Amino acid sequence: MTVDRSLADSQRRNFLKGSAIAAISPFAASPALAQPPASLPDGDPRALRAVEMTINGQRRRLSLDARTSLLDALRDHAGLTGTKKGCDQGQCGACTVHVDGRRILSCLMLAVAADGAAITTIEGLASETGELHPMQQAFIDQDAFQCGFCTPGQILSGIACVREGHAETEHDIREYMSGNICRCAAYPNIVAAIQQAKPLMEG
Ligand code: FES
Ligand code: FES
């Protein structure tokens with residue numbers, strides 16, 4: 001069976017841009033916070049705390065249970081569902097975001113630990129005019145995803161991989177991308193995408 005390449009590219013472009021639309025949506029999509037009991041003993045982690053972060057260039061103030069992971073804060077409280085929850089225990093890389101420029105597994109970081117930090121998610125990569133980041137475009141050009149579930153994390157990790165200087169060789173890319181699992185086994189295409197994006201990011 002043949003697949004129309006331009007149609008497939010169009011669908012993939014829309015897939016990647018869809019998350020960006022959520023990024024500029026108002027906060028109304030966020031679910032209501034569960035309210036803790038009226039009186040809590042001092043230090044009770046259920047007490048809501050104010051956490052301020054700059055997410056994709058926008059200052060956000062969230063009221064969070066101290067036990068909330070950065071991943072849940074982004075998805076459930078900031079309404080940014082482009083970052084995916086795979087294992088929720090640091091094994092798959094689907095939740096990768098940048099915190100102050102460094103790639104982080106957001107399922108392993110408490111949101112309160114990111115207070116004051118600058119966060120970048122997949123929704124924050126495209127320009128305001130909708131132009132994709134070179135790494136996003138490369139993933140489309142190289143057919144580097146199938147179901148797409150791992151893709152936001154792969155792209156954030158791929159960008160970090162280049163910035164860290166760990167994309168000089170195919171071996172290095174595979175080594176430094178090894179924390180990002182792809183159940184569809186798109187690995188050769190992911191390597192090709194990073195190799196395509198690297199000179200564009202450095203140029
Ligand atoms: S969801 Fe965080 S590493 Fe899998
Ligand atoms: S594209 Fe399906 S898990 Fe990676």
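I began with Thr-54, whose bridge partner in β5 is Ala-118. In this predicted model, I noted, local features need pLDDT of at least 70 and side-chain atom pairs count only at pLDDT 80 or more, while totals for chains, interfaces and linings use all residues. Residues are numbered from 1 along each chain as its sequence is written, chains are lettered from A and ligands numbered from 1 in the order in which they are written, and side-chain values use heavy atoms, with hydrogens and water left out.

β1 and β5 (residues 118–120) pair in the parallel sense over two bridges; strands here are DSSP runs of E, at least two residues, numbered from the N terminus, and pairing requires at least two DSSP bridges. I then found β1 (residues 48–55) paired with β2 (residues 58–65) in the antiparallel sense over eight bridges, with Ile-55 bridged to Gln-58 in β2. Two residues separate β1 and β2 in this hairpin, and Asn-56 in the turn has a positive phi of about 50°.

Next I looked up Asn-180, which is buried at 5% relative accessible area (buried means under 20%, with a 1.4 Å probe and protein chains only). The side chain of Asn-180 makes a polar contact with that of Ser-157 at 2.8 Å (N or O atoms within 3.5 Å, one able to donate a hydrogen and the other to accept it; residues adjacent in sequence count only if both atoms are side-chain atoms).

Last, I checked the cysteines: Cys-92 is buried at 5% relative accessibility and Cys-161 at 0%, and the structure holds zero disulfides (cysteine sulfur atoms within 2.5 Å).

How values were computed
Buried < 20%, exposed > 50% of the residue type's maximum accessible area, 1.4 Å probe, protein only. Helix = DSSP H or I, 4+ residues; strand = E, 2+ residues; numbered from the N terminus.
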